[in-house]
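Dear colleague,

I am passing on a structure that may be new to you. Please open it first, and then read the notes that follow it.

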Amino acid sequence: MAKKTIAAVDVAGKKVLIRVDFNVPLDENGNITDDRRIRMALPTIKSVLERGGKVVLMSHLGRPKDAPDAKYTLRPAAIRLGELLPGTNVVFATDTVGEDAQAKVAALADNSVVVLENLRFQPGEKKGLPEFAEKLAAFADVYVNDAFGTCHRTDASMVAVPNAMVGKPRVCGFLVEKEIKYLTDAISSPQRPFVAILGGAKVSDKIMVIKNLLGICDKVLIGGAMAYTFSLAQGGKVGGSLVEPDKVDLAKELLTVGGDKLVLPEDVHCGDAFSSDCNKKVVASGEIPDGYEGLDIGPKTAEKYAKIIADAKTVVWNGPMGVSEMPPFDFGTKTVAQAVADSGAISIIGGGDSAAAIQKLGFADKVSHVSTGGGASLEMLEGKKFAAVELLDEI
Ligand code: AMP
């Protein structure tokens with residue numbers, strides 16, 4: 001059943017606690033290098049402010065060890081938010097549920113936002129502790145989950161906080177609504193042909209996704225280092241490529257289940273070292289010589305995948321086709337990105353590296369949806385249900 005969104009809640013004069021995902025990348029000086037996650041939360045925040053609500057924002061950033069750590073403060077995110085919301089009073093609380101947070105939430109005026117300090121500075125967040133959750137829950141009259149990147153987790157702010165707010169509205173924000181819509185619609189009623197493209201380093205990360213998508217898609221195209229574990233399963237030679245020998249049996253099982261649906265690379269671009277200026281060779285899949293490792297899909301494979309993608313009506317893509325951060329081994333990923341952008345298909349891109357490739361090439365506007373959550377989008381494609389979403393109010 002569909003989940004209620006913040007649009008359906010009367011927020012006038014109310015305090016609205018929004019779990020956002022401001023887990024943005026920072027450089028060594030603490031400057032935000034990509035504010036996309038903050039910008040993606042703006043529609044929900046603006047909607048509450050415009051309708052007379054007051055906003056309390058909570059998020060994690062990085063992986064501090066259950067204690068305050070200046071390296072992971074959310075202050076830069078609060079400053080950036082203030083720049084993105086001119087005319088709105090954005091204040092930063094120097095703690096999460098302590099005196100400063102309590103005072104600033106209590107004093108919250110109209111058209112104002114409080115950004116609480118990093119949730120993960122508190123041990124209660126990762127542990128999902130009710131005592132911690134109750135302090136956060138006491139801050140507001142309405143709970144909103146707009147943190148798609150964290151929806152597959154059961155941290156306090158995702159589950160225990162809304163559980164402590166039973167009887168009050170507990171709804172999803174517009175970003176979570178959009179992510180769920182794309183990822184579940186693609187699975188439940190796809191326009192065909194439906195093509196999935198899966199790449200990246202490890203087959204072990206994506207086994208369940210491959211399994212689930214083989215049951216739904218018309219074709220599943222495999223790239224990245226995980227293709228070499230399939231090569232091993234077929235008795236091929238992989239040289240010094242990144243492989244997972246303990247996953248060979250699982251790869252064999254997927255080959256049997258997948259049949260013609262599972263499409264593997266025909267050729268491989270390999271090198272004699274993991275570097276841009278190594279000696280390079282293109283060889284047939286399963287024939288990587290000793291002293292070489294596979295670093296990208298080969299040109300024939302790139303062309304073949306591009307043709308399959310050109311005919312698709314729905315495309316789901318997660319993971320690069322090769323070492324896309326190291327040219328010329330970004331060729332396969334770029335070719336696939338171009339094909340997805342040109343296809344006119346409903347296209348959903350998840351995962352940091354494939355999303356980065358799409359953005360770097362300037363194709364973000366040509367795809368239907370670039371997910372903000374790598375892990376969450378993968379789990380959704382596995383067909384998993386998220387406790388953090390399940391508990392929200394139904395329409
Ligand atoms: P993932 O996080 O699983 O999507 O994997 C992304 C990583 O996989 C990137 O850092 C790529 O460099 C890496 N990768 C993709 N193909 C290969 C390859 N053939 N050999 C080594 N690493 C690869």
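**Aromatic rings and the ligand site**

The structure holds 0 aromatic pairs, and please keep in mind throughout that the model is a predicted one. Rings do take part in another kind of arrangement, in which the charged end of a lysine sits over a tyrosine: lysine 181 is placed in this way over the ring of tyrosine 182, at 5.0 Å from the ring centre, and lysine 281 over the ring of tyrosine 292, at 4.7 Å from the centre.

Turning to the ligand, the space that it takes is the second largest pocket. There are 16 residues around the ligand, and those that come nearest are Ala201, Lys206, Gly294, Gly322 and Glu325.

Which atoms of the protein lie 3.0 Å from an oxygen atom or a nitrogen atom of the ligand? For the oxygen atom, it is a polar backbone atom of alanine 201, and for the nitrogen atom, a polar backbone atom of glycine 294. A polar backbone atom of alanine 225 is 3.3 Å from a nitrogen atom of the ligand. On its own the ligand has 500 Å² of accessible area, of which the protein covers 81%.

With kind regards

Methods:
Residues numbered from 1 in each chain as written. Predicted model: local features only at pLDDT ≥ 70, side-chain atom pairs only at ≥ 80, totals over all residues. Heavy atoms only, no water. Near = heavy atom within 4 Å. Polar contact = N/O pair within 3.5 Å; in protein donor to acceptor, adjacent residues only side chain to side chain. Areas by Shrake-Rupley, 256 points an atom, 1.4 Å probe, with all protein chains shown as cover. 1 Å grid on protein atoms, 1.4 Å probe; cavity = no way out; pocket = protein on both sides within 12 Å on 5 of 7 lines; lining within 4 Å. Sits in = over half its atoms within 2 Å of the grid points. Phe/Tyr/Trp six-rings, centres within 6.5 Å; stacked < 30°, edge-to-face > 60°. Lys NZ or Arg CZ within 6 Å of the ring centre and 35° of its normal.
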